[in-house]
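Subject: structure for you to look at

Hi,

Here is the structure I promised to pass on.

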There are 2 protein chains.
Amino acid sequence: MALGEFDLIATCFSRPTPRAVLGGGDDCALLAPRAGHHWAVSTDTLVEGRHFLSTVAPAALGHKALAVNLSDLAACGAEPVACTLALTLPHIDLPWVQALADGLYTLADAHGIELVGGDTTGGPLALTLTVMGEVPAGQALRRDGARPGDALWVSHPADGGIGDARLALEVFRGTLSLPGEDFARVRRAMEWPQPRVVLGRGLRGLATAAIDLSDGLAGDLGHVLTRSGVGATIEAAALPRSPVLAAQTEAWQRCALLHGGDDYELLFCTADDAATHAQVQRLADTLGLGCRRIGRIDAEPGLRLQEADGRCAPLTARAWDHFSGAAT
Amino acid sequence: MALGEFDLIATCFSRPTPRAVLGGGDDCALLAPRAGHHWAVSTDTLVEGRHFLSTVAPAALGHKALAVNLSDLAACGAEPVACTLALTLPHIDLPWVQALADGLYTLADAHGIELVGGDTTGGPLALTLTVMGEVPAGQALRRDGARPGDALWVSHPADGGIGDARLALEVFRGTLSLPGEDFARVRRAMEWPQPRVVLGRGLRGLATAAIDLSDGLAGDLGHVLTRSGVGATIEAAALPRSPVLAAQTEAWQRCALLHGGDDYELLFCTADDAATHAQVQRLADTLGLGCRRIGRIDAEPGLRLQEADGRCAPLTARAWDHFSGAAT
């Protein structure tokens, strides 16, 4: 008999779930939410050919599918608790699925999140994860709390910046060429993003607003500005860039930094005073990350880019469009 | 500018969510679980060409995508609270999506569940819903509680039975032909299933085990038997069938009743005494449903089918396989 859905689940997706009241194998998983906490929920789909290439290593795909969802919990300051996976496969390739599961479980274990259920079905390759996390009631980071005068920050790898994932995408598209070592670096940024879960938790009570960077800095910041009813000015020179990005043309740098997508760093706002700056810096140091002040929140609506010489120009938020597969 | 992801969400999926602390539009939705309750979570994917035909009316598709998920909450006796929708669309057809949203919201309103978030992306047509519900701690219906001597029950429409959805599928496949009115009836069973949410809630404290019928009675019952470590005997004559099904050949009846799939009725076990029977009957009457005692749980493992003349034969659980699209 051919390998079926139930064999696949039994082989690849049946690890113990000690935190759940009841894990997989029933109609529903059962969880016990903590008293005094809110439940944060988010869902994200990855479709072959749109969110990942067909050649991606399955372990990287499993990692990324969970990482982009954990990134949403991070942006709310929530602690990961449980997730479900809806996996649609054109055919059953057991070693491939096993590698995908390994990539997913390794990241799940690192963040203490349990895969408690899911659905496996035949069809064009796609993954939908739903993640659930807990945050003390009233302490969730939200998009709507930015205030004029706030400092605007972005997290980044200690030795890097934002925009590297976009460079990797452009190499795959053939519009950009990079030396092998540089390509390996930006490809890692694209395929193995690190969700800033611990940073998000540390920003509770410190950040006035937060969002994760998934569609590009300008577009994602636009959501914060709209929901908070404010504007912002970004200082172009302050945007953190990796050595690979810094070696590109100014046009490529601007594109990757402002409209890159797939960064999964946190963009957040705080009070703009020395004590708060020191707190953010201490948090970043503790976590081995960078957190860079890249601008400020303004009362005046709209998004502006300020050059090193002081010139300031409006910046259009070109959000990544998941239908056209292009920044619009 | 072409209609994009954010327009689609704003137009079709932005109704108020008064029960949620925070609904759509942020990185996560925020919910406030009730104290003393467990959180029941389930996810189900519907893929075009496998779970629904490309010609299905979008309102029916929206209804069914939520119904099959609510059915999982029903099987646990959980009250629906919130859901997320991951929608993958080959292109944006606004009236089509609006109709799908209407079908989904109408059923959501009927069961008091709120759509609190989701993801919309381009790709082959598919829907993944994740539903969340609440059940008082320790009162969830589970698959693992069936005991030898229990009565085995199945719910059904007051004027119908199980298996009708399978007849409709066979008409679409061209292997069966039905008069127009009969086809309309079984097609309604296939396209507009009614999740037994209120029944599931009513069975708390009464049912020892429960599951919803999605892959066919024999296969789904098999899950209960395996997890409970018991066997069962089904009485063939007791299986509830609609007038349309009762008019088919015995072979078709057996296939549809035992291996049909897509029924979304509840299969459950209770104590097998007169007082419990009366309680189940009262519950069924109250809800305008049928609940039929179709057999019993045995200590002896395995599943048996007992004919009207008393003969008894082993029954193979052919669960619906979501990869091959066939009962195996």
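Below is what I found in it.

It's a predicted model, so local features need pLDDT of at least 70 and side-chain atom pairs count only at pLDDT 80 or more, while totals for chains, interfaces and linings use all residues. Residues are numbered from 1 along each chain as its sequence is written, chains are lettered from A and ligands numbered from 1 in the order written, and side-chain values use heavy atoms, without hydrogens or water.

Chain A first: 10 helices and 14 strands (DSSP runs, H or I of at least four residues and E of at least two, numbered from the N terminus). Its radius of gyration is 20 Å, close to the 20 Å the globule rule gives for 328 residues, so chain A is as compact as a globular protein of that length (C-alpha atoms; the rule is 2.2 Å times the number of residues to the power 0.38). The C-alpha trace spans about 70 × 50 × 35 Å along its principal axes. Buried residues (under 20% relative accessible area, 1.4 Å probe, protein chains only) make up 59% of chain A.

UniProt's unreviewed entry puts a "binding site" on A:His51, A:Asp262 and A:Trp320; such annotations may be inferred rather than shown by experiment. A:His51 is in the loop between strand E2 (37–47) and helix H2 (58–76).

In chain B, seven strands make an open, mixed sheet ordered E7-E9-E6-E10-E8-E11-E12 (pairing takes at least two DSSP bridges). Strands E7 (207–212) and E12 (312–314) are its edges, each pairing on one side only. Antiparallel E11 (302–306) and E12 are joined by three bridges, with B:Gln306 opposite B:Cys312.

Cheers

How values were computed: Buried < 20%, exposed > 50% of the residue type's maximum accessible area, 1.4 Å probe, protein only.
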